Amino acid sequence: MRGGLWRWLIGRLRAMSPTGPYRPPAPAERERGARGLRAVLRGEHAPALTELGFAVRTGLDGRPYTLVEGESGTERTWGAVVLDGSGSVRRVIAVPHPIADRLTAWLGLELFRAAPGSALLLAGTHRRAGGGAADVAHRTDSMFHVFSGVLAEHAPVEVQPHGYAAATLPGYDAVVSPGAAALTAAHAALRDTLLDKGFRVRPEWTGHLDGATNVQSLAATERGTSFLHLELAPAPRADPSARAVIVDAVARTWLA
């Protein structure tokens, strides 16, 4: 797995800081970002993204990946998108808190690699950067939210891995939730699969950590698309074997 994407992600994560610079993109910039990503998805040149500091390149890990990468370490740390390149985008793995929710970026990358035809959407910086303005799971004025919406025009499924502190919900390993979106059979299938594998999954669909205020899940509700908000305790995130089981469970129930 330690190929070009692995090295790229390490570099991105190292540049993310809770005290780093960040500003939300202006409305006109968000419109250009949407226009540019749509062009990339059509296989076209995207000057609108270049104007915003994004670089577009292809061919990582010997596969036809397309990387749409924003600036790093500047106030325009607006994130990145990796497209599989094997065909049309059918699902999105979105990581809004890649540093604050420790190891969720790696979980996102593992899910992306397990699901051909997917897109990996990564926030640009720590959620506390820019005085807290970079918490993209709770802000609609972010490029992350714009890109999530553009990708949803092609992909009816978005999966978001999150993490919580052990003391926040002792006695459980995971919380499976639709956020504000509709509960589906896939949510139940994932919860049952994780329980069968020995994970302690909170039985309630709603409550603390349910992602009901997550703005991407609210947008999914408006669109009528599916959304998975998966919260994980520190132990399963840190254990590579447990993470592999979780990736397989999500891939089978949500990304097949």
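A: A55 stands opposite E69, a residue of strand 2. This is a predicted model, in which local features need pLDDT of at least 70 and side-chain atom pairs count only at pLDDT 80 or more, while totals for chains, interfaces and linings use all residues. Residues are numbered from 1 along each chain as its sequence is written, and side-chain values use heavy atoms, with hydrogens and water left out.

Strands here are DSSP runs of E with at least two residues, helices are runs of H or I with at least four, and numbering starts at the N terminus. Two strands count as paired if DSSP finds at least two bridges between them.

The whole sheet is open and has eight strands in the order 1-2-3-5-4-6-8-7, with mixed pairing. Strand 1 (55–60) and strand 7 (174–177) stand at its edges; each has a single partner strand, so one side of each is without a neighbour in the sheet. From one strand to the next, the twist averages 15°. Angles run from 0 to 180 degrees between N-to-C directions, and axes are lines fitted to C-alpha atoms, for helices over the stretch in contact.

Helix 6 (residues 185–196) packs on the sheet, where it touches strand 7 and strand 8 (226–232). The direction of helix 6 makes about 165° with that of strand 7. Contact means heavy atoms within 4.5 Å.

V201 lies in the loop between helix 6 and helix 7. This residue is buried, with a relative accessible area of 6%; buried means under 20% relative accessible area, exposed over 50%, and partly exposed in between, for a 1.4 Å probe and protein chains only. Apart from residues up to four places away in sequence, V201 touches Y172, A174, V176, R191, L194 and L195. V201 and V175 are 26 residues apart in sequence, yet their C-alpha atoms are 5.8 Å apart in space.

Strand 4 (residues 91–95) is mostly covered, with five of its five residues buried. In a regular strand the side chains alternate between the two faces of the sheet. In strand 4, R91, I93 and V95 are buried on one side, and V92 and A94 are buried on the other.

Two strands pair with strand 4. Strand 6 (residues 157–163) runs parallel to strand 4 and is joined to it by two bridges, and V159 of strand 6 is the bridge partner of I93. Strand 5 (residues 118–122) also runs parallel to strand 4, with five bridges between them, and V95 stands opposite L122 of strand 5. Between strand 4 and strand 5 the chain passes through helix 4 (residues 104–114), and this β-α-β crossover is right-handed. Right-handed here means that, with the strands pointing away from the viewer, the path from the first strand over the helix to the second runs clockwise.

Nine of the 11 residues of helix 4 are buried, so the helix is largely enclosed by the rest of the structure. The buried residues are T104, A105, W106, L107, G108, L109, E110, L111 and F112.

Helix 9 (residues 240–254) packs with helix 4 at an angle of about 45°, and the two axes are 10 Å apart. The two helices are therefore oblique to each other; angles under 35 degrees count as roughly parallel, over 145 as roughly antiparallel, 65 to 115 as roughly perpendicular, and the rest as oblique. Helix 4 passes helix 9 in a right-handed crossing. L107, E110, L111 and A114 of helix 4 make this contact with R243, V247, V250 and A251 of helix 9. A crossing is right-handed if the near helix is turned clockwise from the far one by less than a right angle, and left-handed if anticlockwise.

Helix 1 (residues 4–14) brings the account back to strand 1 and strand 2. The buried residues of helix 1 are G4, L5, W8, L9, I10, R12 and L13. These residues pack against strand 1, strand 2, strand 3 (80–83), helix 4 and strand 5.
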